[in-house]
Amino acid sequence: AESLHHELVAANSGVGVSALCPGLVNTNILDSERNRPEHYQKPALDQPQPDREQMRAIAKEIYSQALSPEAVAEMVQDAVEQRQFYIMTDGVFDDAIARRHREVESRSNPSMEAHLLEEHLSRSSDRP
(Lines give C-alpha, C1' and ligand atoms only; values in the text may rest on other atoms or scores of the structure.)
Protein backbone atom coordinates (compact mmCIF):
# COMPACT_ATOMS: atom_id res chain seq x y z
CA ALA A 1 0.00 0.00 0.00
CA GLU A 2 2.86 2.37 0.79
CA SER A 3 4.55 1.67 -2.56
CA LEU A 4 1.27 2.15 -4.40
CA HIS A 5 0.71 5.42 -2.53
CA HIS A 6 4.09 6.76 -3.64
CA GLU A 7 3.61 5.56 -7.21
CA LEU A 8 0.22 7.26 -7.47
CA VAL A 9 1.58 10.50 -6.01
CA ALA A 10 4.53 10.42 -8.41
CA ALA A 11 2.13 9.87 -11.32
CA ASN A 12 0.00 12.80 -10.11
CA SER A 13 -2.96 10.45 -10.51
CA GLY A 14 -5.27 12.02 -7.96
CA VAL A 15 -6.08 8.51 -6.71
CA GLY A 16 -5.55 7.94 -3.02
CA VAL A 17 -4.61 4.86 -1.03
CA SER A 18 -5.44 4.08 2.58
CA ALA A 19 -4.27 1.20 4.75
CA LEU A 20 -6.80 -0.03 7.29
CA CYS A 21 -5.14 -1.34 10.46
CA PRO A 22 -8.12 -2.38 12.56
CA GLY A 23 -8.12 -3.30 16.18
CA LEU A 24 -10.84 -5.67 17.26
CA VAL A 25 -14.12 -5.41 15.38
CA ASN A 26 -17.31 -7.05 16.62
CA THR A 27 -17.81 -9.51 13.77
CA ASN A 28 -18.75 -13.18 13.71
CA ILE A 29 -15.13 -14.25 13.25
CA LEU A 30 -15.25 -16.49 16.32
CA ASP A 31 -17.97 -18.49 14.59
CA SER A 32 -16.11 -18.73 11.29
CA GLU A 33 -15.87 -22.53 11.47
CA ARG A 34 -19.51 -22.60 10.37
CA ASN A 35 -18.28 -21.66 6.89
CA ARG A 36 -15.68 -24.41 6.67
CA PRO A 37 -16.57 -27.17 4.18
CA GLU A 38 -17.38 -30.42 5.96
CA HIS A 39 -14.40 -32.28 4.49
CA TYR A 40 -12.07 -29.72 6.14
CA GLN A 41 -13.73 -29.78 9.55
CA LYS A 42 -11.64 -31.01 12.44
CA PRO A 43 -12.88 -34.18 14.11
CA ALA A 44 -14.20 -33.69 17.63
CA LEU A 45 -11.62 -34.42 20.28
CA ASP A 46 -12.29 -37.19 22.77
CA GLN A 47 -11.23 -35.06 25.73
CA PRO A 48 -13.07 -31.87 26.76
CA GLN A 49 -10.97 -28.74 26.49
CA PRO A 50 -11.94 -26.42 29.35
CA ASP A 51 -9.03 -24.05 28.65
CA ARG A 52 -10.14 -23.63 25.06
CA GLU A 53 -13.75 -23.00 26.07
CA GLN A 54 -12.64 -20.52 28.74
CA MET A 55 -10.48 -18.65 26.21
CA ARG A 56 -13.39 -18.65 23.76
CA ALA A 57 -15.67 -17.13 26.41
CA ILE A 58 -13.08 -14.45 27.17
CA ALA A 59 -12.63 -13.72 23.47
CA LYS A 60 -16.41 -13.44 22.97
CA GLU A 61 -16.58 -10.96 25.86
CA ILE A 62 -13.76 -8.89 24.37
CA TYR A 63 -15.32 -8.90 20.91
CA SER A 64 -18.70 -7.91 22.35
CA GLN A 65 -17.07 -4.66 23.53
CA ALA A 66 -15.25 -4.04 20.24
CA LEU A 67 -16.19 -1.53 17.56
CA SER A 68 -19.07 -2.41 15.28
CA PRO A 69 -18.36 -3.00 11.60
CA GLU A 70 -20.55 0.05 10.87
CA ALA A 71 -18.37 2.27 13.09
CA VAL A 72 -15.23 1.04 11.31
CA ALA A 73 -16.88 1.67 7.93
CA GLU A 74 -17.59 5.28 8.95
CA MET A 75 -13.97 5.71 10.06
CA VAL A 76 -12.78 4.35 6.72
CA GLN A 77 -15.08 6.63 4.75
CA ASP A 78 -13.92 9.68 6.73
CA ALA A 79 -10.24 8.75 6.30
CA VAL A 80 -10.62 8.15 2.56
CA GLU A 81 -12.37 11.49 2.13
CA GLN A 82 -9.56 13.19 4.08
CA ARG A 83 -6.92 11.30 2.06
CA GLN A 84 -5.51 9.81 5.25
CA PHE A 85 -3.13 6.92 4.60
CA TYR A 86 -3.12 4.97 7.89
CA ILE A 87 -6.50 4.19 9.39
CA MET A 88 -6.14 2.99 12.97
CA THR A 89 -9.44 2.14 14.59
CA ASP A 90 -8.20 2.59 18.16
CA GLY A 91 -5.07 2.99 20.25
CA VAL A 92 -5.40 -0.24 22.22
CA PHE A 93 -2.43 -1.86 20.52
CA ASP A 94 -0.14 1.19 20.29
CA ASP A 95 2.29 -0.08 22.95
CA ALA A 96 2.50 -3.55 21.39
CA ILE A 97 3.02 -2.06 17.92
CA ALA A 98 5.78 0.21 19.23
CA ARG A 99 7.48 -2.80 20.89
CA ARG A 100 7.21 -4.77 17.66
CA HIS A 101 8.80 -1.90 15.70
CA ARG A 102 11.66 -1.65 18.21
CA GLU A 103 12.24 -5.40 17.85
CA VAL A 104 12.33 -5.11 14.06
CA GLU A 105 14.73 -2.15 14.26
CA SER A 106 17.06 -4.03 16.61
CA ARG A 107 16.65 -7.23 14.56
CA SER A 108 15.49 -9.06 17.68
CA ASN A 109 13.31 -12.13 17.68
CA PRO A 110 9.66 -11.29 18.37
CA SER A 111 8.79 -11.34 22.04
CA MET A 112 5.55 -12.57 23.54
CA GLU A 113 5.16 -9.05 24.91
CA ALA A 114 4.29 -7.96 21.40
CA HIS A 115 1.45 -10.49 21.09
CA LEU A 116 -1.57 -8.30 20.33
CA LEU A 117 -4.28 -10.46 21.94
CA GLU A 118 -2.28 -10.63 25.16
CA GLU A 119 -1.94 -6.84 25.05
CA HIS A 120 -5.69 -6.47 24.74
CA LEU A 121 -6.38 -9.00 27.49
CA SER A 122 -4.03 -7.22 29.90
CA ARG A 123 -5.63 -3.85 29.17
CA SER A 124 -9.13 -5.31 29.51
CA SER A 125 -8.32 -6.74 32.94
CA ASP A 126 -7.09 -3.31 34.08
CA ARG A 127 -10.51 -1.74 33.46
CA PRO A 128 -12.75 -1.09 36.46
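## Exercises on a predicted chain

From the N terminus on, the protein chain runs α-β-α-α-β-α-α, where helices (H or I, at least four residues) and strands (E, at least two) are DSSP runs numbered from the N terminus. The model is predicted, so that local features need pLDDT of at least 70 and side-chain atom pairs count only at pLDDT 80 or more, while totals for chains, interfaces and linings use all residues. Residues are numbered from 1 along each chain as its sequence is written, and side-chain values use heavy atoms, with hydrogens and water left out.

**Exercise 1.** Describe the protein chain as a whole: its elements, its buried share and its contacts.

Solution. 
- Step 1: the elements comprise 5 helices and 2 strands.
- Step 2: of the 128 residues, 19% are buried (under 20% relative accessible area; exposed is over 50%, partly exposed in between; 1.4 Å probe, protein chains only).
- Step 3: take the contacts (heavy atoms within 4.5 Å) between residues at least 6 apart in sequence; 67% of them join residues at least 24 apart.
- Step 4: the chain exposes about 10,100 Å², and carbon and sulfur atoms supply 52% of this area (Shrake-Rupley method, 1.4 Å probe; for residues, only the protein chains shown count as cover).

**Exercise 2.** Which residues form the negative surface patch, and which make the nonpolar one?

Solution. 
- Step 1: patch residues have over 30% relative accessible area and no salt bridge; like charges are joined within 9 Å, nonpolar side chains (Val, Leu, Ile, Met, Phe, Trp, Tyr) within 5 Å. A salt bridge is a side-chain nitrogen of Lys or Arg within 4 Å of a carboxyl oxygen of Asp or Glu.
- Step 2: Asp and Glu count as negative, Lys and Arg as positive, with His and the chain ends not counted; a charge is placed at NZ of Lys, CZ of Arg, CG of Asp or CD of Glu.
- Step 3: the negative patch consists of Glu70, Glu74, Asp78 and Glu81. Asp78 lies in helix α3 (residues 69-81) and is partly exposed at 41%.
- Step 4: Tyr86, Met88 and Ile97 make the nonpolar patch of about 270 Å². Tyr86 is in strand β2 (residues 86-88) and is partly exposed, at 42% relative accessibility.
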